[in-house]
Amino acid sequence: MSNVPSDWEVVIGLEVHVQLHTRAKVFASSPWGFGQEPNEQVDPVVLGLPGTLPVVNREAVEKSILFGLVVGASVPERCAWDRKNYFYPDNPKNYQLTQKDFPVVVGGQVEIELPGASRNVMGEHKFIRIHHAHLEEDVGKLSHAGSGSLVDYNRAGVPLLEIVTEPDLRSAAEAEAFLRSLVAMLTQAGVADCDMEKGQLRCDCNVSVRRRGAEKLGTRTETKNLNSISSVRDTVIYETARQIRELEAGRAITQETRGWNAELARGYVLRDKEDAHDYRYFPDPDIPTLRLSRETVARLAKQVPENLYDRQRRYVEKLGLPYTAASVLVNDRALAEWFEAAVAAHPANPSGIANLVANDLLRDLAASAGAAGAFDEAAPAPVSLASCPIKPAQLAGLVKLTDDGVISKQQAKEVFAEMFKTGQDAAAIVDAKGLRQNSDTGELEKIVQEVIADPAVAKSIAEYRAGNEKAINALKGPIMKRTQGKANPGLIDQLLRKALG
Amino acid sequence: MADALHTLAAAELGRRLAAGALTSRALCGALLARYQAVNDKVGAFTHLDQADVLAQADASDARRQAGQGRGPLEGIPVAIKDNIAVKGQPLTCSSKMLAPLVSPYDSHVAERLRAAGAILYGRLNMDEFAMGSSTENSAIRKTLNPWDLARIPGGSSGGSAAALASGLVPLALGSDTGGSIRQPASHCGVVGLKPTYGLISRFGLVAFASSLDQIGPMARSVEDCELLLNALASADARDMTCFGPSDRTLTPGGDAQKLRIGIPKGFLGKGVAPEVAAAVKAAVEFYRAQGCAISEVELPSADLAVPTYYVVATAEASSNLGRYDGVRYGHRSATAGTPFEMMTASRSEGFGPEVKRRILLGTFVLSAGYADAYYVRALRARAKIRAEYLAALAGVDVLLTPTVPTPAFKVGEKASDPLQLYLEDIFTIPANLAGLPAISVPCGKSGHLPVGFHLVGAPLSEAKLLAAGRLFETAHGYAHQQPAL
């Protein structure tokens, strides 16, 4: 982690570009997706052929509004698009349609959770304000091959929501926590998939430093096009150290645009302020101002899922879950909903269910999928519950069998493994394997009497009576042996104490 | 009578085709013969695929034979300005920048014409990217005025107007950003209508200035113009600025003899040639005699129209023409180098001087530090002009002026003076800035050169303009007059 000298403060603002989860491109009917042959996902509009016109994709607008509702932003009455003019071969029209003056999302905030002192301890929570988010089109990809340049327009026109924060972040850890939280919110609401390996989330990172207590912000630099959470974290650490070093050496910070080389773990200057583009923004005459109907907003509001941390608080406070289990469950909406379905089937023991879900189920799902961390190398990979052989009610059934003393906790692990393999109900497995515990008090009392009458255990009985609690365990082995291990351990303990009492 | 087919109106051709007295094959054959005889003199067309025309004609005749005729345009050729996309045909905008391009898709209007059974008949010359008022800015060829081959036909739809006037085709499509349909219509003695902004889809019209551009019908009579307009106007979800099905109700034409006609104060004064003023005043007197109420109206911001137009139009054009860079299609410079060097060289080689002038002007008025002084102020002026026109049109049905202050000038006469040339559009530009429908109707001659008058109406009042035009046309002999070639 960074070691920022205590008399310095770092101020960070992020611009996060997220590809929205839509069927078609943002201003064209062409579909889009990852891994296609170059220039397969294009049409006359995407290629900017003469005479073509943009048509706003309603789905992209609605996903953007949904994001706004997720972060508690106000949804404006109208939004509009502007042209950002610049020449680049990957830009089919040599202007990009974006929203300068009337973005689709204004305001809002994202709750973040910082790492705690240990894995079992919840860290500090903070709110990071969103300045606005605007809906724009992605550009193609230029690559250089041999003596020439090649351009692939598959990505051109993919809907991009650019989410701009206020300069509220104060450390690399906060930047990292913000992105984790943002990704969870975007994916849980179905707004975006945020797969960084596919370039679905890219970040521009603004960093400045100032003396602690100073009101005026320092000169900032912007590092562009960071494509992983670790790159953002490393950039903040690098840029903070560099700026402090410069200022302490009596040099000024230049307002500049920078790039990041992840392999060398260092930044470099792309262009300084003097080279800044004049984008000649003006309102796009092809797209009339869009009125955002209150009916649409109300309909979308119903799709907003429970906030990640509201859910976590509910699990800990209402369901009595340990923080560790709660924090794992809430990261994945499908997993949390799966858990809640199981709790609904057996409301008496949420912690018991959470334990099995957060540990055994996740472990086995990950092992069967061979899943690698897709969007965030440090976070657990999202698992596919669609292919999960166990249904929530079945897991609830297993926990209930344990709670009712039908099987032991140890046996429950064995039954769980069988359920995961076969998809059978817990009760069926317990019966088929003959795992049902013997809880017949009369029969067990008889066995207890036989065992304590055996001279071989007289020494242990004496020790127990002398106050050595643990000595009682030596009597349990022979009882288990006589019952082929099926005796209810709790009941035996109870009967033994009574008999020796 | 086959040799006279080229003089007939589309409406009459339609009646003969419907009656079985004429086939589309015979009509197209006669027009192709006319093309062989006349096009090299006039230079209206830049491309005509004769085999394709005859194949379309045969298909139309077969449909009609089978009782599957598609309507009043079935079998009738419509020629198309070279900035409107027709699948499989060149789309050059008369520019070297696009010269090798063949459109892979149909514009909305091309689809409409096919659905109406029309023959999509060749590509018409124009000022490069529709920038100009004389068609002298075409990089492909010269187009001359059929009434005087030493003179310009007007522009930018000069090929459309010249083709109609010389009997090359009965119907044509033009596009109008500041007068590009109406000004050449006036200079060539034909009828041209610029519809209300949003009435006809711009999908497939190569953009010059998106907030001003409209496709419109051109013909030798008002009646034919209406016929073509009816085929073109429909909702299109591919153009967000095109009226939706519920917003496109046209105002009924009503009784043309009861129209209230406004004459803008000062519009017949300074700068208007005496013969033009006389012809237009005669038209006003005609309407007065018919019973129309004539009154004078004030348009105090009219002087702002030309400068406002040249800021708004060039700003949009500088952005619209950014896409022509040699990367994906069109002219690519043979100069080797980086992608940026290739793009720069392609644009430098591909665009003509007037297009470059407007791109530079538009880039300037949008630049940081200048946008507020030029572009933003021009938007305010535009809003003011629109408000004044709408206010004036609340009190009258139409505004009547000359279409162009002077008759067609000689080729090369104004080539060195762009500002003088820009004044050609002084009467036509406000309708584009305000999004209003307007029509130019022939009303006489200045010497041997045609003169037209100009009517502007409230949004969606096309039927009133057409009714007024037909009243005049029916009483006068200007429709279908054709020059000797």
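Reply: Start with the terms. Helices (H or I, at least four residues) and strands (E, at least two) are DSSP runs, numbered from the N terminus. Two strands pair if DSSP finds at least two bridges between them. This is a predicted model: local features need pLDDT of at least 70, side-chain atom pairs count only at pLDDT 80 or more, and totals for chains, interfaces and linings use all residues. Residues are numbered from 1 along each chain as its sequence is written, and chains are lettered from A and ligands numbered from 1 in the order in which they are written.

Me: What is the strand order of the open sheet in chain B?

Reply: In general, strands of a sheet pair through backbone hydrogen bonds, either parallel or antiparallel. Here eleven strands of chain B run S1-S3-S2-S4-S6-S5-S10-S11-S9-S7-S8, with mixed pairing. Strands S1 (45-47) and S8 (293-297) of chain B are the edges, and each pairs on one side only.

Me: How do S7(B) and S8(B) run?

Reply: They are parallel, with five bridges joining S7 (residues 260-264) of chain B to S8(B). Pro264(B) stands opposite Val297(B) in S8(B).

Me: Which elements of chain B touch chain A?

Reply: Contact means C-beta atoms, placed from the backbone, within 7 Å. By that test, 33 residues of chain B meet 25 residues of chain A. Helices H9 (305-320), H10 (339-350) and H11 (353-366) of chain B each give two or more residues to that side of chain B. H9(B) gives the most, with three residues.

How values were computed: Contact = placed C-beta atoms within 7 Å.
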